[in-house]
Amino acid sequence: MAAYRSCWMNDDLDALRDLARAFFEKEVTPNVDKFIAQHHVDRDLWNKAGELGLLCLSIPEEYGGGGGTFAHEAVLIEEQARAIDTSWGQTVHNGIVAHYVLAYGTEEQKKHWLPKMASGETVGAIAMTEPGTGSDLQSIKTKAVRDGDEYVINGSKTFITNGSQADLIIVVAKTDTSQGAAGISLILVEAERAGFRRGRVLDKIGQKGQDTSELFFEDVRVPVSNLLGTQEGQGFIQLMQQLPQERLIIAVGATAGMEVALEHTLRYTKEREAFGRPVFGFQNSKFKLAEVATEAKISRVFTDDCIAKHIAGELDIPTVAMAKWWTTERAMSIASECLQLHGGYGYMSEYPISRMWVDNRVQMIYAGTNEIMKEIIARSL
């Protein structure tokens, strides 16, 4: 089979891939077990990545970023998937938080925060989900009440990626509780603010090395100038504008994960013998792997088309919803098939496929559940 090359790749991105792969091989892969045990990456991983220029790749150079496009982010996401790492929350930092600041921040906010995020001095997080509110963002309870030149924030958030290490948190809050979506605003909260408190790092069934945390806000005061956007009530629109990129990020990771699962399983089935011949020699193994290879290729071609459209500013919301649900469903199915082909060893945590299986499951839930994705698609029909 001829080697496939993504339509959006170029020589510059090849060089970035080599850099990213070397970074993961040196700084992440040897430490994955440690990250899982401590439920977070080492703080200096962010600084090391910043020194190499792997943070804020798609942020303009004038703000300290790499000056690239989403293609640069996609390469880093793919190499993280190749390293079978879900501990480092760089996708939230790079592809989500930094882009909220870039898109809606004042010039002062951008010049203050983005260079620090690019260097690794500042780690970013976004606090949407609450204990009683998941995909239904209009129902959030966190409030930001204006008191003179300050907002007083009260509420709690949960399932927050980078929660234990974040220095800057974008908080989704109600600035007008009499309104639904129109009452939501996004507010920058620095972690050193009085009244801000981190809860426990949550014990998940997968992605155990990632510091998914609870956050609490008790009379946290921030200046009104910390509002993201030109006026209150723009938060829901801002979220809807940025969520497609978050969903594409997940599709990219899911697609790369399928390819990695296939690669590992091909190697295992060709080396492992049963009844005097390689596991790959059985018709069932061949047929299952043929199905996996086909589904991974379909996902790759579709995801690549979405990436190309996104770079050109042409990716619509229903299409990226299709990509998110399709690739994450396929990734989970493929991980399950590949685990089965590993036999009993697939159930052992020392084999990468076992970690991929449990880590994949949440992709069907976060950034909007796959049921929400289907609802979005159905509205466009």
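**Figure 1. Domain 2 and domain 3, viewed together.** In this predicted model, the C-alpha centres of domain 2 and domain 3 are 31 Å apart. Domain 2 covers 125–232 and domain 3 covers 239–379, while domain 1 takes up 11–122. Zoom in on the meeting point and you will find 9 residues of domain 2 in contact with 11 residues of domain 3. About 720 Å² of area is buried between domain 2 and domain 3, and carbon and sulfur atoms give 70% of that area.

**Figure 2. Helices α4 and α5 at their crossing.** Here we meet α4, residues 70–82, and α5, residues 90–104; their axes come within 11 Å and cross at roughly 165°. Angles over 145 degrees count as roughly antiparallel, and α4 and α5 are therefore roughly antiparallel to each other. The crossing in which α4 passes α5 is left-handed. On the α4 side, the contact is made by Glu73, Leu76, Ile77 and Gln80, and α5 answers with Gln90, Thr91 and Asn94. Sorted by class, this contact of α4 with α5 has 4 polar, 2 nonpolar and 1 charged residues.

**Figure 3. Pro318 and its surroundings.** Our last stop is Pro318, which sits in helix α9, a helix formed by residues 317–341. Leaving aside residues up to four places away in sequence, Pro318 touches Ile376, Ile377 and Ser380.

Conventions. Residues numbered from 1 in each chain as written. Predicted model: local features only at pLDDT ≥ 70, side-chain atom pairs only at ≥ 80, totals over all residues. Heavy atoms only, no water. Axes fitted to C-alpha atoms, helices over the stretch in contact; angles between N-to-C directions. Helix = DSSP H or I, 4+ residues; strand = E, 2+ residues; numbered from the N terminus. Parallel < 35°, antiparallel > 145°, perpendicular 65-115°, else oblique. Left-handed = near helix turned anticlockwise from the far one by under 90°. Contact = heavy atoms within 4.5 Å. Nonpolar A, V, L, I, M, F, W, Y, C, P; charged D, E, K, R; others polar. Domains from an automatic or database assignment. Buried area = accessible area lost by both parts, 1.4 Å probe.
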